[in-house]
Amino acid sequence: MSRARAVNLLLFAMLPVTALVALALDEPFIITLATKAAILALAGVGLNIALGLGGLVSLGHAAFFGLGGYAMGILAHHAQTFTPLMEAPFLIEGTKSMPVIWLTAAIIGAIAALLIGALSLRTSGVYFIMITLAFGQMLYYFAISWPAYGGEDGLSIYVRNGFPGLNTLDPIQFFAIVFTLLAVVLFLAGRLAAAPFGLALAAARQNPERVETVGLSPYRLRLLAFVISGAITALAGTLFADLNRFVSPTMLSWHMSGEIMIFVILGGVGRLYGPVAGAALFILLEHILGGLSDFWHVYLGLLLLLVVLFARGGMIGALAGREVAHD
Amino acid sequence: MTEPLLQIEGLHKSFGALKATDDVSLMLVPGEIHALIGPNGAGKSTLIKQIAGGLAPDAGTIRFAGEDITALPTPARARAGLGRTFQISSLAMEYTVLQNAVLGAVGQRGSVWRFFKPVMGDTELRATAMAALERVGLADHATTRTAELSHGQRRLLEVAVALTLKPRAFLMDEPMAGLGASGSKRLTGFLDGLRREAPILLVEHDMDAVFALADRISVLVYGKVIATGTGDEIRANPQVREAYLGEEDAA
Amino acid sequence: MSTLLLIEQVLNGLQFGVMLFLMAAGLTLIFGVMGLINLAHGSLYMVGAFAAAAVAGATGSFLLALIASLAAAAAAGAIIELVVIRRLYDRDHLDQVLATFALILIFSEGTRWIFGSFPLFLDIPAALAGPVTLPGGIQYPAYRLLIIGIGLVIALGLFQLIARTRIGIQIRAGESDREMIAALGVDISRLYTIVFALGAALAGLAGALVGALQSVQVGMGEPVLILAFVVIVIGGIGSIKGALVGALLVGMTDTLGKVLLPGLFGAFMEPAAATAVGSSLASMAIYILMAAVLLFRPTGLYGSA
């Protein structure tokens, strides 16, 4: 077993081990922290498909994260107030069922990514960064100024949504749901990276001209990557909202986009398990530094600065060494 | 005469006052190597870019295999069967040599939309890629990172990737550059046989290779084709002699 | 809506646009010359505002406050350029985004640490606090008029600086060919520090000027930063002229959209719904403008490919 593989396995096992130890010690708060880390990791895995594999520096992923959150908030809000979401042209009712909410969120995330991506991917480089940031901000301001779903105050959901056969109010069971989803998405993302699509997408990051010359369109490859990425991040957003039983425009703010990007970078960009390491580290830092000082973001900023300037492989890079070319 | 596979008519391209391509017409027929030569700055690469895509001409048409491809984007032209190699190597540098060749095979297959089947485990793609690497003599370097190849080897890899595309015509922009004498001789021999698979429009500075290989030669000077003909015709052409040697026009 | 009110709103749009120009000009110069995307530009805006509020609080002089905002932002800009930013010029955009995002975290939380979480207030000087009467009988706040004036003077000055002065020639040369002007003996790293500090000073001044209209608080620079990005996307990266046109377009669209759109929807909807739809749409108007520009000119109005 290679060192990189061992590190990955360790990272993967870290979250459930933490949760189980916390269960044994009767520390539900720690389980909740592990759940939060798994959800943020999922958002990072989503971003990493665009960022790590496709080289698309999106500063607007909070848009998808927040849309996922609002998909859950709005559906659950209508279910808990027993009002239909819409009546004409056909009836749509709210729901408290997680699988239905997940599917809705992923589809909405995908559609939003398709629209934003179709426009933003006409450009590249700094334009792309600024445009994704701007579209994310557009949704943020829209959520603040649209009064129907709480506006600036957000939406509270009284009871966590349900999953058939499980008690989602029990922290460890909710963790199990979240972690299973993370594992499935990690597996699929790994397959995606190794598939012809992944080969072509990563080639388009290195040299778009080369990809065109073999008859493939970098634009389409990137757009699809962006759509998949948006759908996964939206899925993470619903889970995050479900964890907090609350959704507000904060989930759409560009700080959120920056934080998701930080998970990817702290872990190691382009590494499948990078976001898992990064999100766990982030939660750990938030907990430890946040306990020491109210101004822990100063330390986070310094750490990020040091990683960017001096340790570009991130945490996994430091642990597993430089990535070797496959095959 | 055989029906031309690639036919360029009345192509114009200007950058400001500079006429980079000035009413260029030329054709490529099956089975031939058509060399395009000319002094530096004559507009050879600009012309290749317009044929391969990526640079739109101001006027003129490009027909390939009976279709007007003038307005098509680069990927569509590649899928139509134009296999291009670059003057300055354009490869995925983080990838291994084999991965670059497999990328070509993936493009040739056209179905990049298989999401969950490992590409490097696909025996058919690997076989296509390895066969192409063997033909250019890079099989031993299959697992080398592309960034670690010499400039000459990168040229060969470009040719190999073009081979995986099974194109109907090749556009090669200085494939001999950086190869050295023996490498260049070897590639000359290879291209000599390749013309039977698909004709080659060859831009080349290595005149030994050009005169050894080309069925026809076109000379480009200041964006204009001043002469087209066999090697002997071109050698004897007074305008060509003037352009290259500065000799006075005999007439 | 009365014509007077409309003219007042047009002036407000102009004032907003001029402020955005001060932000966007620095950003676009920094991008054009150094190829750097600087998210921390909003922090420099905030630094300017806090410096002005602190100096105004201590001395009572608004003029000194403005000078302090310029000096503090320029100094902060020069320091981060020397310590962090210059390590980023030959890095990719991702590294630039992350490092400057890290700077935002440090600046924002650092400022909160020093000044606390409560907003500070910077008072408009008494002489400018009242309205002036414009031709046509329009009453308009003198201070806002001053902002428009300062903005336009600076825009003019920047055009002159770029077109006429030695440093302007170096800036233009640096945009097209970095190696060449280095080979000609221009001290590139000094030029970069100067350009960065200049951009920072403009942002700081904007922060101070706007700080007197709103409150001075942590995070105040970020919404403006993102609007400045929209301005640059519309105007085209690296173009000062594009920044000016883009800033005025964005300023007008945003201001007039917020005033006109609810009324427009009120014409055919019930008032409550019209306010909701109108104001939500107004909040998105500039982004829709940006999307429209992108559809037709992906490199912006004055950008080169």
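Here are some questions and answers about the structure above.

User: What kind of model is this, and how are residues and chains labelled?
Analyst: Residues are numbered from 1 along each chain as its sequence is written, while chains are lettered from A and ligands numbered from 1 in the order in which they are written. Local features need pLDDT of at least 70, side-chain atom pairs count only at pLDDT 80 or more, and totals for chains, interfaces and linings use all residues, since this is a predicted model.

User: Happy to start with chain A: how many helices and strands are there in chain A?
Analyst: Helices (H or I, at least four residues) and strands (E, at least two) are DSSP runs, numbered from the N terminus. By that count, chain A comes to 13 helices and two strands.

User: How does the radius of gyration of chain A sit against the globule rule?
Analyst: The radius is taken over C-alpha atoms, and the rule is 2.2 Å times the number of residues to the power 0.38. For 327 residues the rule gives 20 Å, and chain A is close to that, so chain A is as compact as a globular protein of that length, with a radius of gyration of 19 Å.

User: What percentage of the residues of chain A count as buried?
Analyst: A residue is buried if 20 or more other C-beta atoms lie within 10 Å of its own, exposed if 12 or fewer, and partly exposed in between, with C-beta atoms placed from the backbone. Of the 327 residues of chain A, the buried part is 58%.

User: Is A:Ala13 buried or exposed?
Analyst: A:Ala13 lies in helix α1 (residues 3-24) of chain A. Because A:Ala13 has 10 C-beta neighbours inside 10 Å, this residue counts as exposed.

User: How do α2(A) and α6(A) run relative to each other?
Analyst: Axes are lines fitted to C-alpha atoms, for helices over the stretch in contact, and angles run from 0 to 180 degrees between N-to-C directions. Helix α2 (residues 28-53) and helix α6 (residues 171-194) of chain A pack at about 20°, with axes 9 Å apart. Angles under 35 degrees count as roughly parallel, over 145 as roughly antiparallel, 65 to 115 as roughly perpendicular and the rest as oblique. That makes α2(A) and α6(A) roughly parallel.

User: What is the end-to-end C-alpha distance over residues 62-80 of chain A?
Analyst: UniProt, in an unreviewed entry, places the feature "transmembrane region" at several stretches of chain A, including residues 62-80. UniProt positions are given in the numbering used here, feature names are shortened, and annotations may be inferred rather than shown by experiment. In the model, residues 62-80 of chain A are 100% helix and 0% strand, with the end C-alpha atoms 26 Å apart.

User: Which pair of chains has the most contacts?
Analyst: Two residues are in contact if their C-beta atoms, placed from the backbone, lie within 7 Å. Chain B and chain C do not touch, as their nearest C-alpha atoms are 13 Å apart. Among the two pairs of chains that touch, the most contacts are between chains A and C.

User: Which helix gives the largest share of the side of chain C that touches chain A?
Analyst: Here 35 residues of chain C are in contact with 35 residues of chain A. On the chain C side, α4 (93-115), α10 (221-235) and α12 (271-296) each supply at least two residues. The largest share, 15 residues, comes from α4(C).

User: Which helix gives the most to the side of chain A that touches chain B?
Analyst: This contact takes 22 residues from chain A and 33 residues from chain B. Helices α6, α7 (196-206) and α8 (208-213) of chain A each supply at least two residues of that side. The most, six residues, is given by α7(A).

User: Which residues of α2(C) make the contact with α4(C)?
Analyst: Helix α2 (residues 41-59) of chain C packs against α4(C) at an angle of about 20°, with axes 10 Å apart. The two helices α2(C) and α4(C) are therefore roughly parallel to each other. From α4(C), the contact includes C:Leu103 and C:Phe107, and from α2(C) it takes C:Ser43, C:Met46 and C:Phe50.

User: What percentage of the residues in chain C are buried?
Analyst: Chain C has twelve helices and two strands. Along its principal axes the C-alpha trace of chain C spans about 65 × 50 × 40 Å. Of the 305 residues in chain C, the buried ones make up 52%.
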